[in-house]
Amino acid sequence: MAEKARTKAVAIVGAQWGDEGKGKVVDFLASSFDYTARYAGGHNAGHTVIFGGHKYILQLIPSGILRPGKKAVIGPGAVVDPVALVSELDNLKKSGIDVRGRLFLSNRAHLIFPYHREMDRAAESARGAAKIGTTSRGIGPAYEDKMARRGIRVCDLLDPGSFREKLEKVIAEKDAISVASYGHKLETAGLFDSTMEIAAHIRDLITDTTVLLNNALDAGETVLFEGAQGTMLDIDHGTYPYVTSSNAISGGATTGLGVGPTRIAGVVGVTKAYTTRVGSGPFPTEMHDGDAEAVRARGNEFGAVTGRPRRCGWLDLPVLRYAKMLNGIDSLVVTKLDVFDAQAEIKVCTGYRYKGTPLNEMPADIGVLCKVEPVYRTLPGWQKPTTEAHEVKDLPVAARDYLNFISDSLQLEIGMISTGPERDATIVPRGTQLASWL
Ligand code: GDP
Ligand code: IMO
Ligand code: MG
């Protein structure tokens, strides 16, 4: 029994700066798992899933919810804006997706309130030119409150008397900070009543998801841990301070869900065939010419949440090597291969040089990362469509060579290749570890 429980908890993580296509990958894999569980972040995430002519953008609710009958968990490590959650639930309902009895919200997750969004915007404007380029969803300030031990949690919604007391205390403290920093109080009028009203819509979802998931694993049920953001946005290991405020890496799944590390049987890293990032911060392989516009247009590289144009760059193997190490990636998924279908030549960054010498490790100091010189290898493009391929052998030779080059350089299997946004534009090579989890 214990062995069976161990073999079926798999984590999906972003190996770059987010938006790698995790939503599509999780949706694809979710049919083989009983649960999908989100362990970090909030509605800063935007996970796109397209099938049957419909496009769904999930922010907080795990993408596995789109699979009929499958269960989904929003864990203690996530931060939850109840208004955003209710709006996401409404959207799913409008699309005919019923989540009743199969979506579970952790009673330990921290809540995001409108004052967190206000603080997020205020902090960004105070940073001026050095702004992080956050999604302005209040994510950072909510995690700040959690770490400062003054956060309000989902379980607090269940006791209106104690919730009112906690809220009043926090608001008094925040108002004092806001007056001192920005010269005005926060907009909090009516917050207790509006929160109680919204809480009525999510009360039925609230439970101890930690016990739920551990019991499920003990009983031999299978769980997919859905990462949000990406390795390079991780609070501890990313391009600090141009990061998000949570642990996006696979380790975040254990702290963020309350499951032991021994439960994780495998880790899947998701990368695009190139690189993108939204917001500010170092990006060594950023394209600064017509290639960026071409990739942005072909890859539709605009933020799923904010609509911001994503910065585009070549594939960065040092980033992927770092991601492999930090996450313990067993299998790599390469998405958006089709975006290169018209590309004549493809550059891949194989290493960095700093002040003329090779840099073997990812530097901690972003001052260094901003100045590294990427070393490129240029590979021929295939200039043929890939979207119709359903097996590796159907891909153009140059596309297979590109994938083999990535796999050989990283010493990592490629467990899945995505050649279009739709569910069925997916190739799962046979004989891989990833294939064994399906
Ligand atoms: P996530 O945050 O990692 O889930 O990724 P996003 O959903 O934010 O961004 C990925 C975008 O690429 C979405 O618009 C997807 O529909 C799209 N996408 C995913 N896989 C592919 C692919 O293989 N080819 C193309 N052209 N688009 C893809
Ligand atoms: P998914 O799950 C891409 C970026 C923001 C900003 C930084 C901090 O869709 O991959 P925050 O609002 O979190 O404080 O912003 O992190 N960011 C993302 N970029 N994909 C995401 O999520 C992101 N979530 C946050 O653009 O640079
Ligand atoms: Mg996204």
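Modeller: The crossing of α4 and α5 is right-handed. Bear in mind that this is a predicted model.

Colleague: Why is α4 called roughly perpendicular to α5?

Modeller: The axes of α4 (residues 114–127) and α5 (residues 139–147) cross at roughly 115°. The class runs from 65 to 115 degrees, so α4 counts as roughly perpendicular to α5. The axes come within 7 Å.

Colleague: Which residues of α4 and α5 meet?

Modeller: From α4, Y115, H116, M119 and D120; from α5, I139, P141, A142 and D145. The contact divides into five nonpolar residues, one polar and two charged.

Colleague: Why is D19 called partly exposed, and why is G46 called buried?

Modeller: Buried means under 20%, exposed over 50%. D19 has 23% relative accessibility, so D19 falls in between. G46 has 11%, so G46 is buried.

Colleague: How do you know that I97 is buried?

Modeller: I97 has 12% relative accessibility, which is under 20%, so I97 counts as buried. The residue sits in the loop between α3 and β7. I97 touches Y56, I65, L66, L92 and R102. I97 and L66 are 31 residues apart in sequence, yet 7.1 Å apart in space, C-alpha to C-alpha.

Definitions and conventions:
Residues numbered from 1 in each chain as written. Chains lettered and ligands numbered in written order. Predicted model: local features only at pLDDT ≥ 70, side-chain atom pairs only at ≥ 80, totals over all residues. Heavy atoms only, no water. Buried < 20%, exposed > 50% of the residue type's maximum accessible area, 1.4 Å probe, protein only. Axes fitted to C-alpha atoms, helices over the stretch in contact; angles between N-to-C directions. Helix = DSSP H or I, 4+ residues; strand = E, 2+ residues; numbered from the N terminus. Parallel < 35°, antiparallel > 145°, perpendicular 65-115°, else oblique. Left-handed = near helix turned anticlockwise from the far one by under 90°. Contact = heavy atoms within 4.5 Å. Nonpolar A, V, L, I, M, F, W, Y, C, P; charged D, E, K, R; others polar. Lists of a residue's contacts leave out its neighbours within four places in sequence.
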